[in-house]
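Hi,

Here is the structure I promised to pass on.

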Amino acid sequence: MRLTDMAPGMRLAKDVYDPNGNVLMRSGTVVTERLVKALRSWGIDEVTIEADAEDAASAMLDPKTAAEIRALLDQQFSLSNRDHPVIQALYGLCLERALGNR
Amino acid sequence: MMETKGDLLERLDELPSLPAVYHRVRQTLENPDGSLETVAAIIEADPALAARLLRVANSALYGLATKVDTVLRALTIIGAAETHNLVLATTLVSVFRDLPLGAVSMRSFWEHSIACGVAARVIARVGGRASPDRAYLAGLLHDIGRLPLYILEPHIMGAALQAHRDRQGHLFDLEQQFFGSSHAEIGAALLRGWAIPEVFCAAAAHHHRPALAEHPAPEIAVTHVADLVANSLRIGTSGARWTPILDDLAWRATGLETAQLRAVVETTIATTRDVTSAFLEH
Amino acid sequence: MNLALHPRLLSPAETTGELSKGGAATLFPLALDVLREAMAQLPACRTLTELFSVLNACSRTLVPTAKTATLLRQPDACFELVQCSPRALEAELREQADAMIESGHFAQALKQGLCYHRERPDRASLLLRIATPRRIYGVALWTSHHIPEDARQALGALTDLAAMSLERFQGGAESFLVQTHTDRPSVGGISIAEDVAIPADQLTGLAHRTHFIRFLQRALEQRTPSTSVGTLLLDIDGFHRVNRELGCDMGDQILRDVALRLDSALRSRLFFETLGIAECDLCFSRTGADEFGLAIARLRTPQHLDEIAAHLHSHVAEGFLQGGSRLHLSLSIGLADSGQDADASSPQALLRNADTALKKAKLSGRNKHAIYTPDWDESGSPHLRTESLLQEALRQDRFSLHYQPLFGLTDMRLVGAEVLLRLDMTDGSPIPPSKFIPVAESTGQIAEIGEWVTRQVCHQIRAWDALGYARIPFSINVSGIELSLPRLTERFARILAAEQVPHRRIHVEITETAIARNEKQALANIRELREAGFEVWIDDFGTGYSSLKSLKNFPISGIKLDREFVKDLVGDLAAEGIAISILEMAQRLRYPVIAEGIETAAQLAFLRAEGCASGQGFHLGRPVPTDDFQKSYFAQTEADSGQSA
């Protein structure tokens, strides 16, 4: 979807990367005006949006908080092999617990 | 650097040794004429140990249906093989529980060890490849080699931790750099010195690099994965802050499916708190 | 610093050989100097503020007319303006940066490393990516009517240097969390650069106090009806002793161990799950030399604060391994909860409450914690209230001195004055010394207050001397605490020397109780004071339990007869008997006597008749403020002497 068509409340369906290949935004991140501005800053015109995102619990979560939680988890997993599905699953479980705690 | 390693190995006897009661229990268990009654009597001669052992036996670890209030009954329910592990775990934690460490507290250390033991037990049970009891003890003992590093070379260990904190590498690799050895190697040597059964020494020796084990054993693979789970969940710590690298072969050797991780994680979190308090609270 | 990583620094233009050939495309010598300077200074920078000040200085040399701004990457991938110059143009530069994000020039810089763009005939902008080969940290913006090609190159190299410093600060994390524009309470008047500091203390690796306060600020703003903000201050009991006895290196090592250990303990999942928070809700920081702060945002269960303290205590209990033996350290912990809305709504208020709790914990012994409750302010802890009041009073100069005249009883001449300390509450109501002196003694503030008094009296002596008034001595009360500390004389002498006041102008008054506190030290102090030329008087004589011993053993100058023996004089035979005996005994020992508390003419007549040399009391003159004293007693003696002349 083009940046101009995006509306707050939508969700990213795929991870977004910076020019170095580092993750900028995770899939599942809720679209906000700030996020659109971030995408524009990086010159990313188009992203994939989730067809239907009905996860009420995390939709309520402040996107900035979620980003902070992710940033800390990214740090914790930074020396691990992130490409391994098991590590990804563990990351997901940790993220879920951290979000669930809130 | 290699001097540090040799030096460390020679100085392992400066650490407290396992109490006589453990050796007496072990002799009794290995003696064909020995009985659980005798073992229970030996344990009860040390009331503090007996009380602690009962707390652990009644903790979520064993999931006993009813509360047991005598040592003999506890031992009868959990069985002779597990009795050895229970006595070893209890005496070991008691010996080291109150020693001072440095940048990590002994409490954090045991929290991590217990979490790893609990995770290993769950992984073994769910994956069905390793004995849950042995996996548990292997997990509990996997980082024991960190204790000599903290106690005998606090400054070098402090520097290694600082570098690790700055994300210069995994603590295991930094230990290699700073000591010319690692807690895995030192831990295995320590356990061998205590004449602990070989499977536990091997698990301690290879839990970071399971691929390098001469005789791959399911307990090694399970300990490797359990350590990774405990580190990701961050229940206590033996010093490591960042999630280590998963060895794919070891993962496969556990027999676990990715989808079963959730159950492992949840059981580990739910059980560890209770078991930790059974081991550590006064 | 590994320059090999940095392509812009490796351009052939940088070698001296190329330079000597000259040419528009080479770095001109000034630029080279600037870069050298930057390379020398940047590695020493420890905060973003320092870093930006070096960069700004360099940039001003290269392009003096340019306006500059720096935008750093945030955890949510947005960019925030964290520094701009001149500061006054913040809004304009922010707007310009936003425009460049909209136009895509910003993204071009991020992708290609730089973007030079002439927006208007009179304005060009240079955008440079702040990045190392591994990570992108932000974008720097220069805008001016023209930025020459060689300056652009130099700025490029400068930006690379800055990126390396940022990498060093961050230890790998890409984003710098700063207050975002919308977080700020108001737009105008906020200087950003001052507020931004690197969130790491060099020794412990923990966040700095500034970051801690910012975290608290943000946490307070984000409170909801069901959450509050918890604050803990942790202080290592008696840490100064560790430094003193084991040396500062060892002290640092232990401090690092404590910091790391507590940090590890706070990272544990069991801890988060107990509190129902996530890791990003915690900020653990080094807030003082041996003080740590823990802030907990979005706290739903303030009743768990106790458990947090217990959790932290349990991780320190085993002690620390030091030189092969165990070193026991304990923590005092003060806790405060912000409440859900009103209550403590600023970081400062919250920290003050936590600090009050910390002091209370300290007072109740080592290894304790205390949770702040608002009613302390009202009644709970007058002691604490007084203590912080004293601290404020010292800082704000709210103490004042009153003077009570001493007269010779035969000729009623002014022979001296006793200096009395007064403290008023902010509302003007006085706090009696009987209330604040014991507190000041128990907290050790008394020494500081004592020095203040001495200095103040010396100022006054010089002022009155300059006006030509009688050069009378002034009596200063010295507490038991001060008397039992070594080098009392030295402290007096230092102040008097600085103020150029001769020692004979100061009389020291001590009580017998003060002597009893540490007789040996007191004796040494009294001897030294006498040898240095100070008079030392026993105050409230007769009420202490060692009256006669003090007369016999201590080299004092004289005694002040306690009001207890004066108040019932004339009529009460017992009172008369005791007064007469003391005066006789003093005469025999050749100690002059000052009678205290003379309130009637009859008492005055009695004491005069019995040979008491001097006296003070309401009948002769109440303690009065400085100006009144001057008007009532000095102007009068001056007039007297004028008449007699």
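C:Leu282 stands opposite C:Ile296 in strand 8 of chain C. Strands here are DSSP E runs of at least two residues, helices are H or I runs of at least four, and both are numbered from the N terminus. Strand 7 (residues 282–286) and strand 8 (residues 291–299) of chain C pair in the antiparallel sense over five bridges, where pairing takes at least two DSSP bridges. A hairpin of four residues joins the two strands.

Please keep in mind that this is a predicted model: local features need pLDDT of at least 70 and side-chain atom pairs 80 or more, while totals for chains, interfaces and linings use all residues. Residues are numbered from 1 along each chain as written, with chains lettered from A and ligands numbered from 1 in the order written.

Both faces of strand 7 of chain C are covered: C:Leu282, C:Phe284 and C:Arg286 on one side, C:Cys283 and C:Ser285 on the other, are all buried (20 or more other C-beta atoms, placed from the backbone, within 10 Å of a residue's own).

Between chains, 26 residues of chain A are in contact with 28 residues of chain C (C-beta atoms, placed from the backbone, within 7 Å). Strand 2 (23–25), helix 1 (33–41) and helix 3 (63–76) of chain A each give two or more residues to that side of chain A. Its largest share, nine residues, comes from helix 3 of chain A.

In chain B, B:Val199, B:Ala202, B:Ala203 and B:His206 in helix 13 meet B:Glu219, B:Ile220 and B:Thr223 in helix 14.

Best wishes

Methods:
Two residues are in contact if their C-beta atoms, placed from the backbone, lie within 7 Å. A residue is buried if 20 or more other C-beta atoms lie within 10 Å of its own, exposed if 12 or fewer, and partly exposed in between; C-beta atoms are placed from the backbone.
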